[in-house]
Amino acid sequence: MASSRLPVIPLALLVLVLLGPALLADLIAPHDPYQSHLRNRLQPPVFAGGGWEFILGTDRLGRCILSRILHGARYAVAISAVGIVLGAALGSALGLLAGYARGWTDAVVMRLVDISFALPSVLLALALAVVFGPSFSAVLAVIVFVLWASFARQVRGEVLSLRERDFVARARVAGASHLRILSRHILPNVANTITVMATLQLGVIILLEATLSFLGIGVPRPTPTWGLLVADGRQFVVSAWWISFFPGLAILLSVLSINLLGDWLRDRLDPRLQQV
Amino acid sequence: MTALLELSRLARHFTTGLAGRGPFVRALDGVDLQVQAGETHAVIGESGCGKTTMARLILNLDRPTAGKACFDDQDIHALSAKRLRWFRRDVQAVFQDPWASLNPRMRVRDTVAEALIATTSLSRKEIDARVARALEEVELRPDQMRNFPHEFSGGQRQRIAIASALISNPRLIILDEPVSALDVSIRAQIMNLLKDLQRDRGMAFLLIAHDLATTRFLADQVSVMYLGRIVETGPAEEVFATPRHPYTRALISAALPSDPDTDSAEIILKGESPSPLSVPQGCPFHPRCPCFIGSICETDRPELQSSGRSQVSCHLHSR
């Protein structure tokens, strides 16, 4: 069993890279993220010969990379938070329904899950971007579409086993309605699973959002999402590596710390480990 | 006098294989049984003979393939929504495994109060008072209603399960192996508790058991089940003293005698209980029967017929 001590380093990283900047970007960012400083284009970061004014350097329009990353955290948090809530809610609700009702409801939901797993998310994002134009809501739609199926599948599996447990039979004998059985007996017993999955999927979403932005089908420019920042530096990877490197690092550290936290949470919340 | 619970020709077959085209499993194959108000009727038989399927049918957790189960002269599986609410109050259950039958994420108070919350509109205060009383009745402390199930031992959990079955003042409680998951040292306590409750409250028990000691202690009537059918039924003392069906005789002889000096020859049955996938023709017991009397056992299914104070389904007794 992994240690169940609070994972301090991932937590600190998460606050430093993601949560802190998301909340305080306006206060701590040294520059306006959209402001061009044309005389200071492609400045290297301070430790590679640049000045203190632009600590992590500037991009080809002379915009401050650090400020753009700090502001980008805000979009990463907003998109992943909204995406995870919508995706988990939709997927869990459908999984709950499928596992509890069984029969054709289950068959329909599970076929939809199969379809959703079979469709490449990037392709779907392209289609949505073409139809609706790249936008915040289109990105959210893609994220929800990618997420719901894994929640639905996992929750359905647990519900299938839970609904046969004696305490559910006992509740039925006591006259409890289906709604009450679902909300008071089954949902509380899958809540841990949903929480852990949601945490582990957060990292996936941040990566997905970055991928979409990188391909230019995410949140439209000039919004400084991390994926766009990485994409901005594409032509300059050899001459001005810092443009892509630092946003990439932010993505890496966020996803890594979220995954470590998710692992910890899973160990903590696993009832099989807890009840002994 | 009409019975509180009456099963007539109750059957439940399960289909197997792809799209249900495989052979039938005859889990329950035409059971007749009566439980009178206030009595304890025990159903005994080995694992897989259909006892639990029968309990699930009576509790309306499953629907029969054929036959009828009536409670208070009303078909359990054709109750109106309003009648069903009454039925849910009148018929309760205690399951075998107290580790599985309590929701781990629910406080004892809500578990015990389930039937009240679901079928009545009592206020919070009234419910709390009823729960406290029910917990006292099963010899737990009322303040323990704030705790979660994992804070209790197996015996205490079974007491909680019993309290939750009592709360709606039922007239019939289905006891599905209520003590077989408990430590031997705790069984006697729970059995005494059940007996006291019945004496004080006068509800009927349908006891499902494979343990003859429990049955002997609690039961007024006994039915013996084999492969989804009742092979013998009668007053407990009669069935235990003079078992008539060869299967009952073997079952009772296999139990340890209460006095080790008594000379009891154990009847060893040949082979295993056949799978309910292929119930033998004629008398289902004939391939293992030590009293096999000829081709009639292979061709005719014996019906329950009176023999003394019991009823037996065996060709030995049909003349």
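## Terms and model

A salt bridge here is a side-chain nitrogen of Lys or Arg within 4 Å of a carboxyl oxygen of Asp or Glu. A:Arg180 and B:Glu114 make one, with their closest N and O atoms 2.7 Å apart.

This is a predicted model, so local features need pLDDT of at least 70 and side-chain atom pairs count only at pLDDT 80 or more, while totals for chains, interfaces and linings use all residues. Residues are numbered from 1 along each chain as its sequence is written, chains are lettered from A in the order in which they are written, and side-chain values use heavy atoms, with hydrogens and water left out.

## Where the chains meet

Let's start with the interface. On the chain B side, 25 residues are in contact (heavy atoms within 4.5 Å) with 18 residues of chain A. Together the two chains bury about 2100 Å², and 51% of that sits on carbon and sulfur atoms. Buried area is the accessible area (1.4 Å probe) that two parts lose on being put together, summed over both.

The rule finds 3 salt bridges across the interface of chain B and chain A. It also picks up 11 residue pairs in polar contact there, both partners at pLDDT 80 or more. A polar contact is a pair of N or O atoms within 3.5 Å; within protein, one must be able to donate a hydrogen and the other to accept it, and residues adjacent in sequence count only if both atoms are side-chain atoms.

## Chain B's side

Which elements each supply at least two residues of the side of chain B that touches chain A? They are β6 (91-94) and α3 (108-119) of chain B, with α3(B) giving the largest share, 7 residues. Helices (H or I, at least four residues) and strands (E, at least two) are DSSP runs, numbered from the N terminus. By residue class, this side of chain B divides into 12 nonpolar, 8 polar and 5 charged.

## Two residues of chain B

B:His13 is in strand β1 (residues 5-14) of chain B. Its relative accessibility is 16%, so B:His13 counts as buried (under 20%). The side chains of B:His13 and B:Asp29 are joined by a polar contact of 3.2 Å. Leaving aside residues up to four places away in sequence, B:His13 touches several others, including B:Phe24, B:Leu28 and B:Thr65.

B:Leu316 lies in the segment after β12 (310-312) of chain B. Buried or partly exposed? At 34% relative accessible area, B:Leu316 is partly exposed, a class between 20% and 50% (1.4 Å probe, protein chains only). With residues up to four places away in sequence not counted, B:Leu316 touches B:Pro246, B:Cys291 and B:Ile293.

Terms used
Nonpolar A, V, L, I, M, F, W, Y, C, P; charged D, E, K, R; others polar.
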